[in-house]
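The sequence and the model come first, and the description follows.

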Amino acid sequence: MGSQQMNGAEIVLKALVDQGVSDIFGYPGGAVLPLYDAMFNQNSIRHILVRQEGGAVHAAEGYARSTGKVGVVVVTSGPGATNAVTGLTDAMMDSIPLVCITGQVPTHLIGNDAFQECDTTGITRPCTKHNYLVKDVNDLARVVHEAFYVARSGRPGPVLIDLPKDVAMAMGTYIEPKHVKPKHYSPQVKGDSVKIEQAVKMIAAAKRPLIYAGGGVINSGPQASKLLRQFTKLTGFPCTLTLMGLGAYPANDKQFIGMVGMHGTYEANLAMHDCDVMVCIGARFDDRITGRIDAFSPGSKKIHIDIDPSSINKNVHVDVPIVGDIAYVLEEMLRVWKAKAPTLDKGAHKAWWKQIETWRKKKSLSYKKSDTVIMPQYAIERLYELTKDRDCYISTEVGQHQMWAAQFYHFDDPNHWLTSGGLGTMGYGLPAAIGAQLAHPKSLVIDIAGDASILMNIQEASTAVQFDVPVKVFILNNQHMGMVRQWQQLLHGNRLSHSYTESLPDFVKLAEAYGWVGMKCEKPDELDDAITEMINTDAPVFFDCRVAALANCFPMIPSGKAHNEMLLGDDVSDEEVGGAISEEGKVLV
Amino acid sequence: MLKPKSQSHYVGPAVVQDIVSRTLSVLVDNEPGVLARVIGLFTARGYNIDSLTVTETEHEKHVSRITIVTTGTPAVIQQIKHQLERMVPVHRVLDLTVEGQSMERELALVKVAGKGDKRIEALRMAEIFRANVIDASINHFVFEITGKASKIEQFIQIMTDLGLIEVSRTGIAAIGRGDAAM
């Protein structure tokens, strides 16, 4: 049977089941009630009731990022849809595959400023990969199947389906995925073989090579990470990763030289600046990576592998662009490499590694230790040491804690690091952790948070309790919006305008009010025991980790500066920090 | 250490390129919102639109052809092309200026009011430009003129002195020469 009669809401649910969906994140409301009615009498799909629609989207992002599957969101019209906008934009920036179904007022009321009406497709057009307004129930099955196809193919992204209430209630025909003709949309997955040969030749001739990989490797799937490892091992080249790429290459491998970019390591940024051949794999030369663009890696030939042609030559001109899926292209490159068995300039590579080791010896991530107060870096170091032997997923909010987590928590596997990189959405971490924990019930899932960020989606604590999700929230509590404060110190004469949180809640009591376990730790020598207790608690835990209030996140490439003008934490006084950014640099973000 | 020469920050002046004008043909699914999507891309990313023409050209397939005249450096034009190509309803983008020989035409309706010598001169010039009179009274003419944008510009310039009161232009439609289709 290729087709069956049912109402629109049932068509949607059937299509979701046929797309392999087992969990959806959502919040009901008037316009989406038919869909919720259809959910009432079925057991194939679990619905996770969030506490605000924004939380639903971030939870779906965490779910998608940690599984490689498409995350699914259902929200109502009007405010339901507008609350989802931040999450959709976040997923767009970080290329996370989502399908978001929004209720809409009945078709005859569209355009009438009806109750809870908004122009959802108009509002979300720039922040989705594609969106649909379905006006005919007989289009519905096709649209849902197509939405999944679009969300996960090529460069993944969020797709929205706006579903008017009368369409959800009308009777129509269901079509199975196999009967839906694929859209003409077909991104290029196989790389151009001529370009691949060129790239191999260029790589083989390199004297100071560098592999710079990003989130695209993770989006391409686990196979791409495996191939990246093989390629790096085979060539013996140093490898650096972007924030979004962490886990694509094992952090504990000696060929890994740390994260690159604004808060990346000294060795990674200097290697980026001085290399002669840069192999960019699934990264996009974002401004947080390049710093000052006219001084970005001035002497290198650049190879760029990306599935999205519009990423190529957008910010930085590259010499060999290869459009294709990372896994396909890397496999082909490895094949060509093995067939050609090129002789490498071992002497040059040895000298290059020696140079990198000299930079590494700077120990750019070092910080002033303390016996009396917990340093935030120390807290992450201990958290890593005490959790590294478990299958652990880490999400973060946005700010200093996020950068410290990226620097001090070491990821050896892809899909274990969930962070809002492109949009930088405070409030991402808690719902994302919930989404990841639902997908991996036996794993340890920790949201490394800040005291300001966590309050942006605190209501999701209630979701965690309802669905027995034992996530841990590890708050680096410095009583400031740490990164804002750091920038005010750097840029604005240390005038801390509104970056101090005057009346933070008592996080332990707050945790208990939600039905969580609340913990607090203030002393470095009590930290290990407290973290162990947190890990061993089979319930959601809020861990209020009181850390040094005014610690800065270093190293740092100040805005408007080049990679070789990094500020290192050890040797900067507060005065130097204050004068680090020129007048021109101050207008940059 | 290498000191950067230029004082600029994020804008890369490494290669200074001239601004060029390009005509792009974009084949799209004629679905609701597709034009908003294309125009939204141009505003969101700060690209220019000098002329825009759109209508459904293949009714049975619901395919529309959008002709956009835009200006920018060759690198920006390349970006525009890639950004358009990755949109789901976009079938194909062709840079007609680069692809080779192509023809561009525009139609304008030009209303000229006046009496006496100026009116006679307007009619005379219209004949020279092969413009048709499609509406007239003893006080006015409406001319219909087709041709390259430059010809239309010239015609309007002349009519300005002869009592021009209103102009409506279609924007540019373009197509490649020869027997091959897009």
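## Aromatic rings

Rings of Phe, Tyr and Trp (for Trp, its six-membered ring) are paired if their centres lie within 6.5 Å, and a pair counts as stacked when the planes are under 30 degrees apart, as edge-to-face when they are over 60 degrees apart, and as tilted for the rest. One aromatic cluster is formed by Tyr384(A), Tyr409(A), Phe411(A) and Trp417(A). The model is a predicted one, in which local features need pLDDT of at least 70 and side-chain atom pairs count only at pLDDT 80 or more, while totals for chains, interfaces and linings use all residues. Residues are numbered from 1 along each chain as its sequence is written, chains are lettered from A and ligands numbered from 1 in the order in which they are written, and side-chain values use heavy atoms, with hydrogens and water left out.

Over all chains, the count comes to 17 aromatic pairs. In one of them, Tyr149(A) and Tyr185(A) have ring centres 6.4 Å apart and planes at 80°, so this pair is edge-to-face. The two residues belong to distant parts of the chain, 36 residues apart, with Tyr149(A) in helix α6 (residues 137-152) of chain A and Tyr185(A) in the loop between β8 (171-175) and α8 (193-204) of chain A; helices (H or I, at least four residues) and strands (E, at least two) are DSSP runs, numbered from the N terminus. Accessibility is described here by relative accessible area, where buried means under 20%, exposed means over 50% and partly exposed lies in between (1.4 Å probe, protein chains only). Tyr149(A) is partly exposed because its relative accessible area is 25%, whereas Tyr185(A), with a relative accessible area of 10%, is buried.

Another pair is made by Trp352(A) and Trp359(A), whose ring centres are 5.9 Å apart and whose planes stand at 90°, so that this pair, too, is edge-to-face. Trp352(A) counts as buried at 3% relative accessibility, and Trp359(A) is buried with a relative accessible area of 7%.

## Charges over rings

A charge sits over a ring if NZ of Lys or CZ of Arg is within 6 Å of the ring centre and within 35 degrees of the ring normal. In chain A, Lys369(A) lies over the face of Tyr367(A), at 4.3 Å from the ring centre. In chain B, Arg119(B) lies over the face of Phe141(B), at 4.3 Å from the ring centre.

## Salt bridges

The structure holds 25 salt bridges over all chains, a salt bridge being a side-chain nitrogen of Lys or Arg within 4 Å of a carboxyl oxygen of Asp or Glu. One of them joins the side chains of Asp23(A) and Arg46(A), at 2.5 Å from N to O. Because Asp23(A) lies in strand β2 (residues 23-26) of chain A and Arg46(A) in strand β3 (residues 46-49) of chain A, the pair ties together parts that are 23 residues apart in sequence. Asp23(A) counts as buried at 7% relative accessibility, while Arg46(A) is partly exposed, with a relative accessible area of 36%.

In chain B, the side chains of Lys111(B) and Glu166(B) meet in a salt bridge of 3.9 Å, N to O. Lys111(B) lies in strand β5 (residues 102-113) of chain B and Glu166(B) in strand β8 (residues 164-169) of chain B, so this pair ties together parts that are 55 residues apart in sequence. Both partners are partly exposed, Lys111(B) at 29% relative accessibility and Glu166(B) with a relative accessible area of 46%. Salt bridges that share partners also join Asp139(A), Arg142(A) and Glu146(A) into one network.

## Domains of chain A

The domain assignment, whose bounds come from an automatic or database source, gives chain A domain 1 (3-179), domain 2 (193-360) and domain 3 (376-546). The centres of domain 1 of chain A and domain 3 of chain A, taken over C-alpha atoms, are separated by 30 Å. Their contact, which means heavy atoms within 4.5 Å, takes 23 residues from domain 1 of chain A and 26 residues from domain 3 of chain A.

Between them, domain 1 of chain A and domain 3 of chain A bury about 1900 Å², 60% of it on carbon and sulfur atoms; buried area is the accessible area (1.4 Å probe) that two parts lose on being put together, summed over both. Arg51(A), His58(A) and Ser66(A) supply 29% of the area that domain 1 of chain A buries against domain 3 of chain A, more than any other three residues. Across this interface of domain 1 of chain A and domain 3 of chain A, the rule finds zero salt bridges.
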